[in-house]
Amino acid sequence: MAPVELDFDACYRAVSARDARFDGRFYTAVKTTRIYCRPICPARTPASRNVRFYRHAASAEAAGFRPCKRCRPELSPGDPGWDLRGDLIGRALRLIDDGAADDTGIAGLARRLHITERHLHRLFVAELGVGPLAVARTRRLLLAKQLLTETPLPVTEVAFAAGFGSVRQFNATMRETYGFTPSELRATAGPSGVAEGAAELRLRLHRREPYDVSGMYAFLASRAIPGLETVDGLSYTRLVPGGTLTLTPAPGAFNLDITLDDTRQLARVVARCRRLLDLDADPAAIAAALGSTSLEPLVLARPGLRVPGTFDGFELAVRAVVGQQISVAGARTLLGRIVTRTGPLFPSAAVLAESDLTGLGLTTRRLATMRDLAFRVADGQIDLDGGMQPSEAVAALLKVPGIGPWTASYIALRALRDPDAWPTGDLVLNKRMAALGIPADHVERWRPWRAYAALHLWSSS
């Protein structure tokens, strides 16, 4: 089965114009140099007869092309189309970015998606022209390339941080695919120095413009859990397993400063930070759709508004349950008490299911809802980190006593990354729409970007 074809003329026009809107949506492979680039590469535009276009970096690498050292494909923001589709391949790509293939292999990835490994391979080949194993390998190589270029992390640590099983495998794969060894790349592009003890690293997480930084940080600041998160001006800091991360805005990107005891968790941290900040969204497409509706004044007032995600799906679900029918400030206080009781990190589903949370100010009913939710997540009945289709996850959440449509849709909006999620029955949204004279039936006109419509309405209040 042939992979899905790109529109050659449209891609070539985007490359000729260096149109940033297409960055991450496809890659340009130059047959004469055997190099693949981002659409925004500053190099001279090659003749059309010498180029081919690929939807994914792994497809270009499988065809024998290596990444451009000038535009650095490893820095591309992700393709927003996968979140919009929310299908099996989109969820599989999210899990691969999260390190699932490194942890359990492609067989484990397929089990988490409740399909056979053979069917998963068939879907990837039909869509991208390569299997999931090639995609996972390219993710490792590109992360390793970024680490070698931007950090002083020793080559041995880079190998494990990127998800390779051994340094020998890392060296062989990079030489076979890119034509140079990690040490050769480090000698020409990487900084000098050796990290000692815990790894203190800085990576750049690129985004599409415009980006409403102040709106994102205001949202995170108002909901920061005491003892777990701190938002100071335009700096967001939180504890993660084995370390601490800080995210600060930079031109066209965010700087991720991170200290980790085990750098093998780095790929997962990077992927979750990108989801937390909604870095792979397409603001131009969202603004074009919502800006032609009754939301036009709000869209013009807040260009580049994003939907804040979460570092952990279960954590967000607990936030939603605790926040039912109380103020944001009140929910912060209760969540801070949970972290103090079970911390210093936010408890996993397995830990919370067995924790004694009495005496913290939570009602008996809410405690029962949280415990039931924790048992179902720990047991694998509910997957809030990418394994389940959003509609299936919402249906599973609604089976938990104490979780209604608002809570489930709020979890879908922030944890499941469903761009069309709409918090049904939200009082603030209803009041804002009434104040702006927006009829209730306009909610249907905002598909498939209702989550962003909700953020515009919340922010306007």
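Figure 1. In the unreviewed UniProt entry, residues 90-188 carry the annotation "domain: HTH araC/xylS-type". The model shown here and in the other views is predicted.

**Figure 2. The largest pocket and its lining.** The space in the largest pocket amounts to about 1,000 Å³. Its lining consists of 38 residues. Nearest the centre of the largest pocket are Gly323, Ile326, Val328, Trp406 and Asp426. By residue type, the lining of the largest pocket has 16 nonpolar, 14 polar and 8 charged members.

**Figure 3. Helices around the largest pocket.** At least two lining residues of the largest pocket come from each of α11 (213-222), α15 (313-322), α16 (328-342), α18 (364-378), α20 (405-414), α21 (427-435) and α22 (450-460). The largest share belongs to α20, which supplies 5 residues.

**Figure 4. The second largest pocket.** A volume of about 770 Å³ is found for the second largest pocket. It is lined by 31 residues, and those closest to its centre are Asp98, Arg268, Arg272, Asp312 and Asp385. Two or more lining residues are given by each of α5 (100-112), β7 (235-240), α12 (266-276), α15 and α18. With 6 residues, α5 gives the most to this lining. The lining of the second largest pocket divides into 16 nonpolar, 4 polar and 11 charged residues.

**Figure 5. The crossing of α21 and α22.** Two packed helices are described by the angle between their axes and by the distance between those axes. For α21 and α22, the axes come within 9 Å and the crossing angle is roughly 75 degrees. Angles of 65 to 115 degrees count as roughly perpendicular, and α21 and α22 are therefore roughly perpendicular to each other.

**Figure 6. Residues where α21 meets α22.** On the α21 side, the contact is formed by Val428, Leu429, Arg432 and Met433. On the α22 side, Ala454, Leu457, Trp458 and Ser460 take part. The residues of this contact comprise 6 nonpolar, 1 polar and 1 charged. Both α21 and α22 are also among the helices that supply at least two residues each to the lining of the largest pocket.

Key
Residues are numbered from 1 along each chain as its sequence is written. This is a predicted model: local features need pLDDT of at least 70, side-chain atom pairs count only at pLDDT 80 or more; totals for chains, interfaces and linings use all residues. Side-chain values use heavy atoms; hydrogens and water are left out. On a 1 Å grid over the protein atoms alone, a cavity is a set of points where a 1.4 Å probe fits but cannot get out, and a pocket is an open set with protein on both sides within 12 Å along at least five of seven lines; lining residues have an atom within 4 Å of a point. Grid points are joined across faces, edges and corners, and a volume is the space filled by probe spheres set on the points. Helices (H or I, at least four residues) and strands (E, at least two) are DSSP runs, numbered from the N terminus. Ala, Val, Leu, Ile, Met, Phe, Trp, Tyr, Cys and Pro count as nonpolar, Asp, Glu, Lys and Arg as charged, and the others, Gly among them, as polar. UniProt positions are given in the numbering used here, feature names are shortened, and annotations may be inferred rather than shown by experiment. Axes are lines fitted to C-alpha atoms, for helices over the stretch in contact, and angles run from 0 to 180 degrees between N-to-C directions. Angles under 35 degrees count as roughly parallel, over 145 as roughly antiparallel, 65 to 115 as roughly perpendicular and the rest as oblique. Contact means heavy atoms within 4.5 Å.
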